[in-house]
Amino acid sequence: MLLRSGILTASDGEVVAVDNATATSGLVFVCEHASAVLPPSAGDLGLSPEALSSHIAWDPGALEIAQRLSTSLNGLLVHQRFSRLIYDCNRPPESPAAMPEKSEIYAIPGNLNLSPAERYARTAALYVPFHDRIAAEIARIAGEGGKPVIVTVHTFTPVYFGKPREVEIGILHDTDSRLADAMLEAAAGGPYRVERNSPYGPEDGVTHTLRLHALPQGFANVMIEVRNDLVRDEAGLKAISTYLADLISGALERVA
């Protein structure tokens, strides 16, 4: 079954979830690729069960990392409840990658030849409410006298197009590198291979959320990418989350 009309119903629930809504640190964690769930109206988009559970559908482990960071650093967390296969909320509506026809080695039949009306329907149903909620939370924090800091959390596959990736943690930034610089300096000589703007960078279009919510208002921001083989069990999740929490808290002391 391929999606051709209708996106969400009341039974599908909210598009966006907010955890730790009463947090007071000013940190706003965002997880755009938290879920592999497709709305029932989308069927399987013509994909196999293997593809639907793979990294093309979501960022495995990213939500768990973000939730742990939210808890340990007293930050609010906003996350998307549906798969990036139906709409990638880290891409603007005009980007082909927002509703990709192909992701790595997988063609996505249900995303082929979408009409302008179909693209608009997905944008209105998934992208707009997600980013409206992020903007509202940031505005609330700022309005209450807080100092918002935006941190987006992602994971990436250790093998991409058949090529292994050596980097373990990527610290990504766009034109504002304040927080990233401080985190990278703190990470030097540490237990993980940490690199700047790797395995992706702003030239790949991955900093959309930062461009939308942080850069125009001058809020400190960073995007974190973790290789997903490092967070496949409890021990890995705990180690990475603790490490990142220390990097972020130390960097904030220097940037503040």
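Trainee: What is the volume of the largest pocket?

Mentor: This is a predicted model, in which local features need pLDDT of at least 70 and side-chain atom pairs count only at pLDDT 80 or more, while totals for chains, interfaces and linings use all residues. On a 1 Å grid over the protein atoms alone, a pocket is an open set of points where a 1.4 Å probe fits, with protein on both sides within 12 Å along at least five of seven lines; lining residues have an atom within 4 Å of a point. Grid points are joined across faces, edges and corners, and the volume is the space filled by probe spheres set on the points. For the largest pocket the volume is about 470 Å³.

Trainee: Which residues that line the largest pocket are the closest to its centre?

Mentor: Residues are numbered from 1 along each chain as its sequence is written, and side-chain values use heavy atoms, with hydrogens and water left out. The lining of the largest pocket has 27 residues, and the closest to the centre are R84, R91, S103, Y160 and Y200.

Trainee: Which element gives the most to the lining of the largest pocket?

Mentor: Helices (H or I, at least four residues) and strands (E, at least two) are DSSP runs, numbered from the N terminus. Strand 4, strand 6 (149-156) and strand 11 (221-227) are the elements that give two or more residues to this lining. With three residues, the most is given by strand 6.

Trainee: How many charged residues has the lining of the largest pocket?

Mentor: Ala, Val, Leu, Ile, Met, Phe, Trp, Tyr, Cys and Pro count as nonpolar, Asp, Glu, Lys and Arg as charged, and the others, Gly among them, as polar. By these classes the lining has eleven nonpolar and seven polar residues, and the number of charged ones is nine.

Trainee: Is S103 buried or exposed?

Mentor: S103 lies in strand 4 (residues 102-103). In contact terms (heavy atoms within 4.5 Å), S103 touches I56 and I108, not counting residues up to four places away in sequence. Buried means under 20% relative accessible area, exposed over 50%, and partly exposed in between (1.4 Å probe, protein chains only). The relative accessible area of S103 is 18%, so S103 is buried.

Trainee: Which residues of the largest nonpolar core touch the most other members?

Mentor: A nonpolar core is a set of buried Ala, Val, Leu, Ile, Met, Phe, Trp, Tyr and Cys residues joined through side-chain atoms within 4.5 Å. In soluble globular proteins, nonpolar side chains tend to be buried together. The largest core here has 40 residues, and those touching the most other members are L85 and L126.

Trainee: Which helix gives the most to this core?

Mentor: Strand 2, helix 1 (49-52), strand 3 (76-80) and helix 3 (116-143) each supply at least two of its residues. With seven residues, the most comes from helix 3.

Trainee: How many residues has the second, separate core?

Mentor: Its members include V151, I169, M183 and I248. The number of residues in this second core is 38.

Trainee: How many disulfides does the count come to?

Mentor: A disulfide is a pair of cysteine sulfur atoms within 2.5 Å. C31 is in no disulfide, as the nearest cysteine sulfur, that of C89, is 11 Å away. C31 is buried at 0% relative accessibility, and C89 is also buried, at 0%. By this rule the number of disulfides is zero.

Trainee: Which residues does a cis peptide bond join?

Mentor: P199, one of the two, is found in the loop between strand 10 (194-196) and helix 5 (208-213). With omega at about 5°, the cis bond joins S198 and P199.

Trainee: What is phi of N197?

Mentor: N197 is found in the loop between strand 10 and helix 5. N197 has a relative accessible area of 21%, so N197 is partly exposed. Its phi is positive, in a residue other than glycine, and is near 45°.

Trainee: Which elements do the buried residues of helix 4 pack against?

Mentor: In helix 4 (178-187), the buried residues are L179, A180, A182, M183, L184 and A187. They pack against strand 6, strand 9 (169-172), strand 10, strand 11 and helix 6 (234-255).
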